[in-house]
Amino acid sequence: MTELLEMKNVNKAFSGVQALSDVQFHLRHGEVHAFMGENGAGKSTLMKILTGVYQRDTGEVLLEGKAVEYANTAEAMADGVIIVHQELNMMGDLTVYENIFIGRESMNGFLINDRDNVKRARELFEVIGVSIDPYAKVDSLTVGQQQMVEIAKAVSHDAKIVVFDEPTSALTQAEINELFTIIDDLKSKGIGIIYITHRMDEVFQISDRITVLRDGEYVGTVNTADTDKDELISMMVGRELTEEVKLASQVADDAEVVLEVENLSAGRMVKDVSFKLRKGEILGVSGLMGAGRTEMARLIYGAEQPESGTIKLHGEEVKIKSTEEAVAMGIGYLSEDRRRYGVLVEKNVAENTVLPSIEKYISKGLINDRSANKDALEYNKVVRTKMTGIEQVVRTLSGGNQQKVVLAKWLLRDSEILIFDEPTRGIDVGAKAEIYEIMQELADEGKSIIMISSEMQEILRMSDRIVVMCEGNVTATLPIEGATQEEILSYAMMRKEV
Amino acid sequence: MGKRTIQNPIGKKDSRFVEMVKSQQFIAAAAMIVLYFVFWIAAPTFRGVNVITQILNSSYYLAFLGIGVTFVIATGGIDLSLGTVMGCAALLGGRLYSVNGLPMIVALLVTVLIAVVFSAINGYLIAFIRLPAFVATLGTQMMASGFGQIISNLEKTNWPARASEPGGAFKNAFQITISGEGKNVNIPTGLILLLIIVVIMSVILTKTKLGRYILSLGSNYEATRLSGINVRKYQFYAYIINGVFVGLAAIAYAAIYTSITAGFGAGQETNAIAGAVIGGTSLAGGIASIWGSLFGVVMMSVLKAGLPKIGLQSQWQLFLTGIIILVAVIIDVRRNKASN
Ligand SMILES: Nc1ncnc2c1ncn2[C@@H]1O[C@H](COP(=O)(O)OP(=O)(O)OP(=O)(O)O)[C@@H](O)[C@H]1O
Ligand SMILES: [Mg+2]
């Protein structure tokens with residue numbers, strides 16, 4: 001039988017920068033093929049070439065033995081080649097069902113048959129086993145729910161190949177399990193799945209084979225059964241990495257409390273939340289998606305106003321009425337949704353990095369771009385942003401590298417209290433280890449960090465203490481000593497009776 | 001390890017020169033010059049110095065409008081009221097001087113003030129009440145138009161015709177006329193004033209906190225807010241800057257053309273917005289160029305001066321302006337699309 005997909009000697013350069021050189025990729029029918037590599041290795045680019053988003057410079061793509069080259073995504077979709085993008089691009093003002101069926105709505109003569117579209121959307125959600133209101137506006141959904149809509153859309157096509165570009169970076173464990181069930185289902189129908197991820201455990205859980213890319217070059221393809229984590233890491237990074245967990249808190253119990261939150265409440269998402277943050281501490285905030293962690297962070301950061309409760313900085317009660325005040329008081333907030341709330345995609349790396357810190361570079365009323373650029377470069381070097389230079393427009397960076405720019409921005413701002421909301425979302429293993437190091441260094445310097453994370457390993461590795469939230473309530477505050485995944489999870493699912 | 005070093009750190013793909021040539025503001029400048037020479041070749045009557053004066057004269061007020069609205073468009077907003085507000089301000093200021101006999105300085109200050117008040121209303125509605133700019137400024141457009149008619153009683157209003165008249169000295173800022181031997185020589189002082197203002201505003205837009213924040217919030221409002229920036233304040237400021245320039249435009253118009261008819265100003269917003277867009281300011285916000293807007297509006301002035309010389313009257317100007325606006329917007333949209 002011919003292979004489902006063969007990509008051979010694919011080359012692609014962006015304005016002189018070689019993103020892919022002589023890359024190959026093979027996919028069989030009914031196979032889940034994981035696609036790995038560091039941030040900026042070229043994974044998304046290759047998949048965008050496959051699905052008609054970009055066009056290759058040279059090379060060959062054979063679908064079931066037939067040479068293809070798609071000028072746009074519509075052509076690829078017509079051939080059953082579908083991608084669920086890393087950076088979601090949906091029409092936020094339209095409803096869920098409108099997004100799913102755009103361009104192929106059920107019609108009643110000249111009129112759109114909305115009732116039927118909604119019905120089809122409901123059926124789709126039933127098939128993949130999620131409950132989302134088809135009438136909801138996409139903007140009102142969480143990132144995770146939006147991702148599910150995208151997946152539903154992909155499933156609704158008569159697919160031969162489905163590409164998932166980091167689908168789980170915004171999903172809860174339950175949603176991930178749902179997704180894997182869907183993938184198994186697709187696989188049994190003979191559909192080929194290409195699965196891009198930075199998460200090792202997932203790769204071993206669902207993939208049959210793995211292809212690794214490094215710096216735009218093909219490194220190799222291995223059978224999942226014949227390899228292990230260490231081999232994969234050294235294929236990706238070109239060196240060994242060790243993984244650790246934090247065994248004991250590195251902060252004294254009587255260290256100064258820099259931030260104290262008492263009975264903070266707002267709407268249905270944050271209920272009576274209280275906790276303390278000590279100087280030099282990394283406070284992990286765990287919980288399932290929708291637990292109210294981001295909402296809680298936004299209250300502290302002044303992006304939203306609490307209905308009741310108090311916030312104390314260094315023992316003194318403060319009212320934080322705006323993000324401007326929060327930053328002035330030494331609080332920084334890195335959002336979980338970089339696309340919407342993190343970066344200015346049309347601006348370059350330098351402008352993004354210095355945005356909250358511009359005041360520092362003003363002399364005689366004018367911005368001193370030279371020294372601003374110098375710092376922007378320095379901090380992006382610290383987080384190892386892969387870029388052609390600080391004047392590269394952020395839109396053209398890979399997903400993980402956009403995240404690094406946001407990190408660099410808050411490092412440069414040098415806040416005393418940092419709220420990191422999913423700081424390593426979409427970041428590769430190598431860079432992740434580096435970011436953990438940076439966070440620990442910051443804490444050692446006396447900065448205090450609230451780290452919201454859905455990744456259990458991250459929580460266990462970084463936190464000095466752990467706050468667990470469920471449905472807007474804090475259900476537990478645990479010391480790191482002796483904390484286990486199971487324990488955290490049980491608190492994360494502990495609903496409070498009202 | 002790996003090859004993750006940053007090559008060419010502060011460098012870019014293109015050299016500064018290549019980048020400049022590719023920029024929209026350069027294209028606007030080139031288009032302006034090409035258009036000028038097209039008319040120059042096509043119509044002998046276009047070749048005189050007086051045509052240049054004519055182009056400059058209509059460029060002053062248009063450039064002020066264009067500069068002001070560039071700040072508004074940079075926030076991702078729009079101002080549909082600026083034409084009628086300019087008219088209303090010029091009428092009120094003129095009447096205070098010519099009918100009520102107030103000193104010229106008061107008349108000039110009130111002219112600017114009234115424009116700022118309207119812009120402040122726009123800015124408040126848009127930045128704080130969060131109305132869409134299109135809707136808010138459509139409302140003030142009608143308010144200003146009506147207000148102008150109320151205060152002027154639909155009569156024409158006259159500003160001093162000569163600089164030598166009492167209160168006419170301000171005209172020297174735009175044009176100094178030296179008469180002798182039956183021939184008048186006009187010195188376009190306004191050009192110097194305009195260039196100074198363009199340089200200053202360009203620096204404000206690109207090199208100050210104010211400008212940087214305006215561009216940032218136009219680029220991504222929420223991300224800018226979450227960077228700890230008081231986005232509402234800076235959005236409001238953009239409208240205030242616009243208001244000051246609408247007031248200056250009213251003064252520039254009064255200085256050059258002296259008489260203000262009732263209804264004057266309506267429709268000028270299209271010229272200003274078109275000029276800005278031609279010059280590379282993106283209607284989606286976040287990208288703007290003051291120099292570009294200058295070239296853009298001067299191009300509109302060249303068109304206005306040139307068309308009658310090749311036998312096409314003002315109805316043609318309207319028609320062609322429409323086409324140019326569409327072309328500029330298509331370029332703008334394509335630029336945004338290319339970046340998606
Ligand atoms: N439109 C573009 N213009 C210029 N450069 C681009 C463009 N798109 C991608 N690149 C560059 O190509 C390289 C590969 O990017 P790609 O998005 O494929 O990485 P990736 O492997 O998906 O990384 P990540 O894991 O961070 O998502 C990066 O260096 C990126 O900056
Ligand atoms: Mg990617």
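## Basis of the values

In this predicted model, local features need pLDDT of at least 70 and side-chain atom pairs count only at pLDDT 80 or more, whereas totals for chains, interfaces and linings use all residues. Residues are numbered from 1 along each chain as its sequence is written, chains are lettered from A and ligands numbered from 1 in the order in which they are written, and side-chain values use heavy atoms, with hydrogens and water left out.

## The interface of chain A and chain B

Chain A brings 48 residues to the contact and chain B brings 37 residues, where contact means heavy atoms within 4.5 Å. The two chains bury about 3800 Å² between them, 51% of it on carbon and sulfur atoms; buried area is the accessible area (1.4 Å probe) that two parts lose on being put together, summed over both. Of the area that chain A buries against chain B, 13% is supplied by Glu324(A), Leu355(A) and Glu391(A), more than by any other three residues.

Between chain A and chain B there are 13 residue pairs in polar contact, both residues at pLDDT 80 or more; a polar contact is a pair of N or O atoms within 3.5 Å, and within protein one must be able to donate a hydrogen and the other to accept it, while residues adjacent in sequence count only if both atoms are side-chain atoms. On the side of chain A that touches chain B, the elements that each supply at least two residues include helix H10 (323–328), helix H13 (369–382) and helix H15 (429–444), with helices taken as DSSP runs (H or I, at least four residues) and strands likewise (E, at least two), numbered from the N terminus. The largest share of that side, 4 residues, comes from H11(A), and its residues divide into 18 nonpolar, 8 polar and 22 charged.

## The shell around ligand 1

Among the 20 residues around ligand 1, those that come nearest are Gly40(A), Lys43(A), Ser44(A), Thr45(A) and Ser398(A), a residue being near if one of its heavy atoms lies within 4 Å. Oxygen atoms of ligand 1 lie 2.8 Å from a polar backbone atom of Gly40(A), 3.2 Å from a backbone N or O atom of Ala41(A) and 2.9 Å from a polar side-chain atom of His198(A). The protein covers 88% of the 650 Å² of accessible area that ligand 1 has on its own. H1(A) gives the largest share of the shell, 3 residues.

## Salt bridges

Over all chains the structure holds 28 salt bridges, each a side-chain nitrogen of Lys or Arg within 4 Å of a carboxyl oxygen of Asp or Glu. Across the interface of chain A and chain B there are 3 salt bridges, and Lys209(B) meets Glu359(A) in a salt bridge at 2.8 Å, N to O.

Methods
Nonpolar A, V, L, I, M, F, W, Y, C, P; charged D, E, K, R; others polar. Areas by Shrake-Rupley, 256 points an atom, 1.4 Å probe, with all protein chains shown as cover.
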